[in-house]
Amino acid sequence: MIRFIYNLLWPIGLLFFLPGYLVKMYRRGGYREKFGQRLGLYDNNLRERLAQHRSIWLHAVSVGEVGVALKLAIELRALEPDGHCVLTTTTTTGFSFANRNAPAGVEVMYNPLDFWPIMRRAFSVIRPAKIILIEAEIWPNLAAEAHAQKIPLALANARLSPQSEKHFRRFRLFVAPTFRLLDLVCVQEAADADRWAALGVDRCRVQCPGSIKFDSTNVRIDRTGPERILGERGIDKERLILFGGSTHPGEEEILARIFIDLRRKFPSLFLIIAPRHVERAHEVQRALEQLNLRVALQSQGIVHQAIDCLILDSTGELQNSYAVATVVFVGKSLVVHGGQNPVEAIAAGKPVVFGPHMENFAALARSLVAAGGAIQVSSADELKAAVIDLLRDPNLRDRLIENARRVLEKHRGATSRTAALVAALRAGV
């Protein structure tokens, strides 16, 4: 009955959310490419390729989740070299990143909308042997179709923010039937197991292999590209660099004002901003230019005049870009809620500072702060003071980096442990 109501209301919900969805797609670009796949419409070449395999279907929303899915796909292929994977994503940025980075044997597609006739068409073409959802993507029709066809359904790197948990608990009557269809839930922290069980997941199906996103096994940092980009703009390797990673509206101006103040103490200081959504790059550029900063976009190519700030307006390159930073501020944590992933900066060997709002990475943030592996601030003034301390004291930077790496050590190997759990799933569980 609940699923019947969901499908009855689905077209109404689509009409309500469609305008904002289309605007977001237009701003991010590339929305026309393979648009039919969102409706379960596939060309003949794709159909023929998929007909040759029973695929493991991985679904990830955007760039961050796609990175997790790709790491997992590589491990699954190592366990089953002849296996084939389909990786679906929701956003155009995620699709672009997946296309650039997917290894052989991984077919990249857009995820079909979760309306029962669309999802049923998608299942008939993809023919999944297993389905792995990444972090938080649990859709009622997808789950129900997998259950009906006795296809194992797993949630990998499961993420449950306090806000999501609150909503799920409030509407447990509606969400529990879908959660009960999950055959495996791989949580990042042991404490998360009971939280998922309280939402309807069978407790014996919850495992704790650790976080794939925090797993630094086989992570390789290539700093040659970022160093070349800076060198072409006259920024040498010896300069101090304040790096704002995955920033959100309001945070760029705060960092810019701190940067302007700190140049009196650190004349060689340079500012790099990487907005979380690259379509905001021009907006950020205008805001910083109003503060009388000389700003360039990475996509503009070589700039011959001196600049104060470089804005990174490409996707999927953040981890390597962190390699040139001296101090990293982790965005979406100071003026908006949620926080972004600090692990990429830590993996690049950089000290991190974040604001009070790290809800999406709450357990990790607490562990980092408690172990002296990160600095958490509650205001722009505190952020400025923390940056000053780190710029002045290379020993403090080294201590933060070493302590942070110790915190992440328990997640080493999480990808291979998750892949082994997924590989053990069998049809008809």
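Here are a few questions and answers about aromatic pairs in this predicted model.

Guide: A quick note on conventions: residues are numbered from 1 along each chain as its sequence is written, and side-chain values use heavy atoms, with hydrogens and water left out. As the model is predicted, local features need pLDDT of at least 70 and side-chain atom pairs count only at pLDDT 80 or more, while totals for chains, interfaces and linings use all residues.

Visitor: How many aromatic pairs does the structure hold?
Guide: Rings of Phe, Tyr and Trp (its six-membered ring) pair if their centres lie within 6.5 Å. By that rule, the count of aromatic pairs here is six.

Visitor: Are the planes of F95 and Y110 stacked or edge-to-face?
Guide: Planes under 30 degrees apart count as stacked, over 60 as edge-to-face and the rest as tilted. For F95 and Y110, the centres are 4.2 Å apart and the planes make 10°, which makes the pair stacked.

Visitor: Which helix and strand does that pair link?
Guide: Helices (H or I, at least four residues) and strands (E, at least two) are DSSP runs, numbered from the N terminus. F95 and Y110 are 15 residues apart, and they sit in helix α4 (residues 92-101) and strand β3 (residues 106-110).

Visitor: Is F214 buried or exposed?
Guide: Buried means under 20% relative accessible area, exposed over 50%, partly exposed in between (1.4 Å probe, protein chains only). F214 has 3% relative accessibility, so F214 is buried.

Visitor: Why is the pair of F214 and F361 tilted?
Guide: Their ring centres lie 6.3 Å apart. The pair counts as tilted because the planes are at 45°.
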